[in-house]
Amino acid sequence: MMVIKRISKCVFLLFIVIAAFSGGYAQQVSDQGPGLKVKGLKEEVIVRRDGRSIPYIEAKNDADLYFAQGYETARDRLWQMDLLRRVASGRLAELFGKAVVNEDIRWRRYGFADVAEKNLKVMDPGLKKALEDYARGVNAYIETLDDKLLPTEFQILKYRPEPWKPVDTIMIGKILADALSTTWPNDINRFGLQVLPKEKQDDLLGGTDPLDIVLYGKDTVAGVITRNARRVSVTLSRDDATRLTELASNEESVRKDSLERIGFYSPELAASNNWVISGKRTLDGKALLANDPHLRPAAPGIWYMTHLSAPGVRVSGVTFPGVPGIVLGHNENFAWGATNVGPDVQDVYFEQFNDKGEYKTPGGWKKAEVRQETILVRKGLGPETEPQEIEIVETRNGPVIGESGGRKYSLKWTAFEPSNQEFEAFFLLNRAKGWDGFKKALMSYGGAMQNFIYADTEGNIGWYAAGRVPIRKKGEGELPYDGTTDDGEWTGYIPFDELPHLYNPPSGFIVTANQRIVGTDYKYQQLTRQFAAPWRARRIFDLISANSKITMNDVSDIQHDVFNIPLSRLAREVVRRGAASKETLDLLKGWDGRMTADSKAAVVADRIHGCLGSKISEANKPANPWDVRERVLNRAVEGNDKKWLPEGFESYDKLIESCDPMAGGSTSAFELWGEVRVANFNHPLSAAPLIGGRFKVTYTNVGGSSQTPNVGSGVSMRHIAKPSNWDDTRHVIPLGQSGTPGSPYWTDQFELWRTGKPGIFPFSDKAVIQAAEITLKMIPAN
């Protein structure tokens with residue numbers, strides 16, 4: 001069976017080459033001579049593809065390198081690229097009609113098309129040139145396609161792709177900003193919590209926890225007092241607070257639909273693990289780096305694997321389709337990875353308008369800026385559209401994002417600032433050398449703040465939390481501001497040198513998993529406004545701490561670990577109390593706390609946990625159920641904390657019994673975790689009648705949960721790098737390189753990703769040549 005599968009892959013790769021020489025590349029490519037002739041190249045480019053169809057692009061200059069990267073990426077992911085730019089530009093209704101108009105309105109309101117044009121003007125010249133060359137390559141490939149050769153989605157939806165532009169790449173960066181730095185709804189939710197007693201607010205807002213893995217600074221009583229003193233209070237009526245909460249909820253619903261469609265939705269911004277280990281804790285005395293970002297599963301996935309080589313640059317890893325260079329991976333000198341931090345980079349302002357369309361400022365009334373935009377909405381199955389006009393209002397603070405009860409609310413966001421570049425740092429990292437070069441590259445990073453980790457060929461390890469985090473005139477942005485005052489003015493950003501960082505720490509390793517990374521004594525508490533509960537970080541930390549002779553296999557085992565700390569604790573507590581049916585107690589007594597796909601106990605423990613969280617949050621509105629489950633539940637139950645016990649229950653025993661999913665003869669005992677938590681890798685067309693079946697990718701054999709190092713289908717890629725031997729690098733994505741259903745490379749990496757079997761990503765010339773199954777020469781046709 002494996003032999004047949006391997007042959008089919010080789011046939012598919014051969015088909016690509018045959019197609020290139022059989023007229024399939026009209027206009028830009030001719031079939032004369034020993035190579036593929038392409039207009040736009042300066043010199044010959046060699047493209048090798050291995051058994052996973054990963055392109056290894058070797059060029060003699062940067063222009064050809066990025067041209068070829070654009071060409072090859074478009075070959076595999078053209079429709080996905082088009083979809084991404086349409087989402088960020090607010091042009092999705094042209095494809096999907098009225099159902100997505102609200103999504104388009106939301107993106108148009110942000111005005112990213114204008115921001116992207118301004119980004120381009122102040123961009124590093126080298127990156128700007130790379131974007132231009134990449135766009136030329138994409139367009140060269142597009143011109144080879146007649147209507148019959150277009151990817152399936154274009155044919156189904158009856159349209160052709162427009163030429164790719166450098167700003168299209170920048171727009172993808174804005175999707176990342178939205179996915180990883182949208183915090184204003186949480187400011188609104190935090191505001192709503194003021195109706196609860198202060199001790200409950202403190203629990204929900206994420207105080208300190210004994211399991212926290214703090215990397216920078218310490219937790220001190222004085223730090224907590226100082227943090228609380230910085231808070232700015234806002235007074236609103238209960239009706240206004242309710243309206244604002246509804247606005248935030250509606251906004252989040254539209255945002256969720258938009259980002260889920262393209263695989264970029266990240267609930268609570270809690271996504272990803274990474275760690276670096278120095279040689280003092282590894283079996284062979286060499287450093288190791290691991291990274292696995294977590295986002296909503298999608299088909300195809302959000303990452304595209306590539307190896308790039310030209311004079312002055314040799315780099316491999318993953319990038320987003322539509323983005324030149326490598327975003328996460330390694331060059332010849334060091335490897336790097338990233339996880340989200342979750343600082344407060346957005347502020348909401350209550351704006352006061354008069355009947356003249358003016359809004360009040362500290363200096364008096366000012367005329368708001370108003371722009372008209374037209375959204376084209378598809379009318380039916382054909383490509384015909386009809387226009388829908390919208391009006392967007394902007395104040396000095398930013399666009400008006402909502403109106404409720406006679407009030408307007410505007411949004412300020414770092415993503416609106418043209419000088420904040422999402423991709424410049426990655427372009428520089430591709431070529432950087434050493435820790436100093438790593439830091440210099442990160443100084444230019446203006447995207448969603450990340451925990452960047454580092455491991456080099458000399459055995460050094462490091463971590464830098466990089467990004468632009470605003471400093472406010474008053475407060476730290478945790479609550480909405482009154483737009484008629486200057487309290488919410490941004491006075492600058494946290495200086496780069498004062499951002500948290502470590503280099504060769506005494507512990508010999510560094511772990512980040514979206515946890516609270518700074519102590520309460522850190523000067524800028526807005527840096528970790530939103531963070532994950534410590535479960536994943538603590539589990540990874542404990543597994544590394546317990547092993548002083550770590551190998552790459554050990555690192556892989558940690559990436560695939562499915563032990564659930566909070567559910568294991570809850571299960572033990574339920575058993576200790578005897579607060580469940582005999583069936584449930586018997587099942588939980590024998591459970592090892594692991595969320596394996598074949599586990600029945602995992603289903604029962606998860607349902608008890610979810611039920612308890614829902615009942616406690618329902619009794620403490622407007623508390624967010626997620627905050628209750630992650631920050632309150634375990635400590636409340638274990639400590640019999642009466643303030644959190646809902647009315648109507650005389651004890652936590654009774655509360656737990658009310659959540660027993662197996663009481664009364666339920667069928668929960670017959671359900672398996674993998675069947676309950678199905679791994680659905682959604683494609684935008686998978687739900688379409690008649691045609692959707694070909695796009696569906698579903699599995700029931702995936703373990704893990706949001707509270708385990710392995711979060712299951714949300715793991716968007718896995719990377720393990722060994723700087724002492726780059727040819728040992730392991731790198732996999734959940735499905736495959738191809739965006740074409742039915743291709744041998746549509747889902748061929750799934751088992752490597754699921755099981756942890758090494759997916760080797762060679763780097764040296766010798767290893768790349770040995771791994772190559774197809775070699776293609778691209779020759780200038782000028």
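Guide: Start with the terms. Helices (H or I, at least four residues) and strands (E, at least two) are DSSP runs, numbered from the N terminus. Two strands pair if DSSP finds at least two bridges between them. This is a predicted model, where local features need pLDDT of at least 70, side-chain atom pairs count only at pLDDT 80 or more, and totals for chains, interfaces and linings use all residues. Residues are numbered from 1 along each chain as its sequence is written, and side-chain values use heavy atoms, leaving out hydrogens and water.

Visitor: How many residues connect β14 to β15 in their hairpin?

Guide: The hairpin runs through 6 residues. Strand β14 (residues 369–378) and strand β15 (residues 385–395) are antiparallel, joined by 10 bridges.

Visitor: What does β15 do with β16?

Guide: Those two form a hairpin as well, with 2 residues between them. Here 2 bridges join β15 to β16 (residues 398–404), again antiparallel. Glu394 stands opposite Pro399 in β16.

Visitor: How do I read a whole sheet?

Guide: Strands of a sheet pair through backbone hydrogen bonds, either parallel or antiparallel. Take the open sheet of 5 strands, ordered β24-β5-β6-β27-β28, with antiparallel pairing.

Visitor: Which strands stand at the edges?

Guide: They are β24 (509–512) and β28 (730–732). Each has a single partner strand, so one side of each lacks a neighbour in the sheet. From one strand to the next the twist averages 5°. Axes are lines fitted to C-alpha atoms, for helices over the stretch in contact, and angles run from 0 to 180 degrees between N-to-C directions.

Visitor: Which residue pairs with Trp275?

Guide: Its bridge partner is Ala290 in β6. Strands β5 (residues 273–277) and β6 (residues 288–292) run antiparallel, with 5 bridges. Helix α15 (residues 535–545) packs on this sheet, touching β5 and β24 (contact means heavy atoms within 4.5 Å), and its direction makes about 160° with that of β24.

Visitor: Now the cysteines. How many disulfides are there?

Guide: A disulfide is a pair of cysteine sulfur atoms within 2.5 Å. By that rule there is 1. Cys611 is joined to Cys659, S to S 2.1 Å. The link is left-handed, with -70° about the S-S bond.

Visitor: Where do the two partners sit?

Guide: Cys611 is in helix α19 (residues 601–618) and Cys659 in the loop between α21 (652–657) and α22 (673–676). They are 48 residues apart, linking distant parts of the chain.

Visitor: Is Cys659 buried or exposed?

Guide: Buried means under 20% relative accessible area, exposed over 50%, partly exposed in between (1.4 Å probe, protein chains only). Cys659 has 4%, so Cys659 counts as buried.
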